[in-house]
Every structure is written in structure tokens, then in C-alpha cells.
Amino acid sequence: MHDRHKLTLDAIRAAIDSEPNSQRAMESTVQLLARHLTDYTWTGIYLLEGNELCLGPFVGKPSPHTRIPLGRGICGAAAAEKATIIVDDVNADPRYLACSIETRSEIVVPIMAGDDVLGELDIDSDKVAAFGADDRELLEAVAALLAPKIAKPEDRRAAALPLES
Ligand code: SME
């Protein structure tokens, strides 16, 4: 990973480790991602409730997609496949659900507990092909840090919460 990504991971690890409250751990995570990595135009967390992904804390413009059924959009596809999806050009991907006209690329990383999807990290960029191996490595590490914090169902009641970076 590049230094910028390593520093971001260190900062998020420190924030998550020192935060017993799951909601605040998620809030700090999306804020630190947005603050450290300037290509990350929109950073958010969706939590799986039944068969729907429900928007939790996010930094960026409000999204019309506060509830996404499994299998719909890039978000629903990543949750259904239980795998990270990187889309270099969202306008060329028929699965894409638009959140902002400026968005050009997206990465979605499931937050897993064993074989169960708890939620996911969703990051958009206004740059084409903004996300590469470093971003995947960083965000998969962040998802692994968050998973134990939100493992209990009572820690995953999503309420769309817009935050300043
Ligand atoms: N683009 C996502 C929807 C969520 S917004 O980007 C915040 C998708 O295609 O699933």
C-alpha cells in the first residue's frame, strides 16, 4: 500500500480500537476516509437489514438510495456476491444506481462475519478509474476492523446520517 493509504488505515484502526460505540466507529471511519483520500468524493456505510441494504453514516451529497434490495445496483451485487466490486466507469455499468451526476467510479466492499454479510463500505469518486489495488487492500482491511464492532444485530440499525468530513 502507498504511504497515504497506510496512514489512513493506521488512523482508522486507532479510531475504531478506541471507540466502543458501533455507530461512532462507523461515523469516524467514513469521515477519516473522506478526509485522508481526496479522490473519495462520497464515503458511506450500508447495513444489511433483512434483504435490504440500509444507508447509515456517510460523507458527501445525500443519496436517493437509502434502501437497496440485495442484487440491485453495484451495492446489491457486491452483497449478493460477497465480494468487492470495483467499477472504473459507472456510466458503462448497467447495474449502476446513480447517486450524483459527478460520480465516475465506485468501489463496494462487503463487511463480513464469516459467511454472513453485515453491511458494506461504498465509496464513489468523481474521477474515472479512481480505485486500484491499494484502495481494495485498504478498504478490505477497514471492513475487517469494523466487522466485530457491528457483529451484534442491535449495533446495526441504520439511519442515514450525513456528516461533515
Ligand atoms: N451507486 C450505488 C448506489 C449507492 S450511491 O452511490 C450512494 C449502486 O449502484 O449500488
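1. The hairpin of strand 5 and strand 6 has 2 residues between the strands, and G114 in this hairpin takes a positive phi near 60°. Strand 5 covers residues 105–113 and pairs with strand 6 in the antiparallel sense over 9 bridges. One of the facing pairs is I111 with G119, the latter in strand 6. The model is predicted, and every value in this note is to be read with that in mind.

2. A second hairpin is built from strand 1 and strand 2. Here too 2 residues lie between the strands, and G50 has a positive phi near 60°. Strand 2 spans residues 52–59 and runs antiparallel to strand 1, with 6 bridges between them. L47 has C54 of strand 2 as its bridge partner.

3. Strand 1 also pairs with strand 6, in the antiparallel sense and over 6 bridges. W42 is opposite D124 of strand 6, and I45 has L121 of strand 6 as its bridge partner.

4. On the overall fold, the protein chain has 4 helices and 7 strands. Read from the N terminus, the order of elements is α-α-β-β-β-α-β-β-β-α-β. The C-alpha atoms fill a box of roughly 40 × 40 × 30 Å along the principal axes. The radius of gyration is 14 Å, which agrees with the value near 15 Å that a compact globule of 165 residues would have. Of the 165 residues, 42% count as buried. Among contacts with a separation of 6 or more, 58% are between residues 24 or more positions apart.

5. The largest nonpolar core has 43 residues, and C75, L121, L139 and L146 have the most contacts inside it. Helix 2, residues 22–36, gives the largest share of this core, 6 residues. In soluble globular proteins, nonpolar side chains tend to be buried together. Which residues does L121 touch, leaving aside those up to four places away in sequence? They are I45, V109, I111, L139, V142 and A143. Of these, I45 is also the bridge partner of L121, and L139 is another of the residues with the most contacts inside the core.

6. Helix 3 deserves a separate look. Its buried residues are G73, I74, C75, G76, A78 and A79. They pack against strand 1, strand 2, strand 3 (67–69), strand 4 (85–87), strand 5 and strand 6. C75 is one of the residues with the most contacts inside the largest nonpolar core.

7. The ligand is surrounded by 14 residues, and the closest are S63, G73, I74, C75 and C99. Strand 1 (42–49), helix 3 (73–81) and strand 6 (116–125) are the elements that give two or more residues to this shell. The largest share, 3 residues, comes from helix 3. By type, the shell around the ligand has 7 nonpolar, 4 polar and 3 charged residues.

8. Most residues other than glycine have a negative phi. K82 is not a glycine, yet its phi is positive, about 55°. K82 follows helix 3 and lies in the loop between helix 3 and strand 4. K82 counts as exposed because it has 12 C-beta neighbours inside 10 Å, and 12 or fewer is the cut-off for that class. A129, also not a glycine, has a positive phi of about 50°. A129 is placed in the loop between strand 6 and helix 4, and is exposed, with 12 other C-beta atoms within 10 Å.

9. Is E154 buried or exposed? E154 is exposed, because 7 other C-beta atoms lie within 10 Å. E154 is found in the loop between helix 4 (133–146) and strand 7 (161–163). The C-alpha atoms of E154 and S22 are separated by 9.6 Å, although these residues are 132 residues apart along the chain.

Key: Residues are numbered from 1 along each chain as its sequence is written. This is a predicted model: local features need pLDDT of at least 70, side-chain atom pairs count only at pLDDT 80 or more; totals for chains, interfaces and linings use all residues. A residue is near a molecule or strand if its C-beta atom, placed from the backbone, lies within 6 Å of it. Ala, Val, Leu, Ile, Met, Phe, Trp, Tyr, Cys and Pro count as nonpolar, Asp, Glu, Lys and Arg as charged, and the others, Gly among them, as polar. A nonpolar core is a set of buried Ala, Val, Leu, Ile, Met, Phe, Trp, Tyr and Cys residues joined through C-beta atoms within 7 Å. A residue is buried if 20 or more other C-beta atoms lie within 10 Å of its own, exposed if 12 or fewer, and partly exposed in between; C-beta atoms are placed from the backbone. Two residues are in contact if their C-beta atoms, placed from the backbone, lie within 7 Å. Two strands pair if DSSP finds at least two bridges between them. The radius of gyration is taken over C-alpha atoms; the globule rule is 2.2 Å times the number of residues to the power 0.38.
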